Amino acid sequence: MKSPFVLASGVLGTSASLLERSARAGAGAVTAKSCGPEARAGHANPITIPWKDGFVNAVGLTNPGVLEEIGVLREARERVGKHDCLLFASVFAPTARQFGEVARKVAEAEPDLIEVNISCPNVGSEYGTPFSGFPATAAEVVRYVRQALEGTGVPISVKLSPNVAEIRSIAKAVVEAGADAITAINTVPGMLIDAYAGKPILKNKTGGYSGPPIKPIALRCVYEIAQTVSVPIIATGGVASGLDAAEFILAGATLVGVGAGVYLGGAEIFGRLNQELLAYMAEMNYGSLGAFRGKALPGRSD
Ligand SMILES: Cc1cc2nc3c(=O)[nH]c(=O)nc-3n(C[C@H](O)[C@H](O)[C@H](O)COP(=O)(O)O)c2cc1C
């Protein structure tokens, strides 16, 4: 890949031309908005509220449904490919079985990777809580997806939530079930209340927090996952500078996702992130990302 930076799912990922903007600006891969079995209107407004350098959102996985999304992905693949950029698709579903069905359909668009979004805090699942909450439910989804994708050659990355007691056990379970990579993290569940109106601000009442304030939470998750499994990690959460990315790579990440950072800096942020990361590497005399990947992990930093 020309760059380790990845446009995170759900942020500027709803159309081929928006995905191309990040590709043109220097992203190494772009992730489309998560799509499900059928069209979803998502939650009513307000859905995204800025708060202290970040955002609380409850978009509710608005998407046109997998059949229409295949067309978007095919067009996106062509457009981002012109910029030497990979295309990642993203899938979700209300049941583990349907995760497999959606993934199989999405594979027809031949994305370079399918992200399996089991961790959105704003939608339900057949178990009530997100599938990412427990090793058994997370692994069940991965098994269905793995089976459905047999013979396609499309790799999968499973997207985890920080909102769990023990992220290591979830990471281990999804890798044992066949995940090729892990994306960590999705948003941190939260909410905002209007003191004068006396009620929650988001129409959905609760949402997910993202942006620079969640970086310490995401770093801890990546650091723990990297010590537990050996698959590549797409580290996502609070990245807004090249130094942020360097910290995630030091914690063991292979790629670095950018979500809210794109709201703060526009798609053009990818050019700046590449430059800042290269400047850090030059300053530190690192000739490649591999030269410092995982350097902050126990046993490597002393
Ligand atoms: C408005 C918004 C919509 C999002 N939609 C999705 C989505 O459709 N699928 C998904 O896997 N993650 C979604 N996310 C989560 C991001 O991909 C990312 O994991 C999270 O925001 C943390 O990264 P950040 O701090 O860089 O934003 C969304 C985030 C935001 C802010």
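Author: One definition is needed before the residues can be sorted: Ala, Val, Leu, Ile, Met, Phe, Trp, Tyr, Cys and Pro count as nonpolar, Asp, Glu, Lys and Arg as charged, and the others, Gly among them, as polar. The model is a predicted one.

By these classes, the shell around the ligand holds eight nonpolar, 13 polar and two charged residues. The shell has 23 residues, and those that come nearest to the ligand are S34, K159, G211, G238 and A260. Some contacts can be given atom by atom. An N or O atom in the side chain of S34 is 2.7 Å from a nitrogen atom of the ligand. An oxygen atom of the ligand has a polar side-chain atom of N117 at 3.1 Å. G259 takes part through its backbone, where an N or O atom lies 2.9 Å from an oxygen atom of the ligand. On its own the ligand has 610 Å² of accessible area, and the protein covers 97% of it.

The ligand sits in the largest pocket, whose volume is about 620 Å³. This pocket is lined by 37 residues, and S9, G10, V11, N57 and T187 are the closest to its centre. Strand 4 (54-57), strand 14 (255-258) and helix 8 (260-265) each give two or more residues to the lining. Helix 8 gives the most, with three residues. By class, the lining of the largest pocket has 14 nonpolar, 21 polar and two charged residues.

The second largest pocket has a volume of about 160 Å³. Its lining has 13 residues, with P130, S132, G133, S161 and N163 the closest to the centre. Six of the lining residues are nonpolar, seven are polar and none is charged.

There are also two cavities of 30 Å³ or more. The largest cavity has a volume of about 80 Å³. Its lining includes N117, along with F92, F99 and P130. That lining divides into eight nonpolar and four polar residues, with no charged ones.

The second largest cavity has a volume of about 40 Å³. K159 is one of the residues that line this cavity, and E115 and S9 are also among them. Strand 1 (5-7) and strand 13 (233-236) each give two or more residues to this lining. By class, the lining of the second largest cavity has four nonpolar, five polar and two charged residues.

Technical notes. Residues numbered from 1 in each chain as written. Predicted model: local features only at pLDDT ≥ 70, side-chain atom pairs only at ≥ 80, totals over all residues. Heavy atoms only, no water. Near = heavy atom within 4 Å. Polar contact = N/O pair within 3.5 Å; in protein donor to acceptor, adjacent residues only side chain to side chain. Areas by Shrake-Rupley, 256 points an atom, 1.4 Å probe, with all protein chains shown as cover. 1 Å grid on protein atoms, 1.4 Å probe; cavity = no way out; pocket = protein on both sides within 12 Å on 5 of 7 lines; lining within 4 Å. Sits in = over half its atoms within 2 Å of the grid points. Points joined across faces, edges and corners; volume = space filled by probe spheres on them. Helix = DSSP H or I, 4+ residues; strand = E, 2+ residues; numbered from the N terminus.
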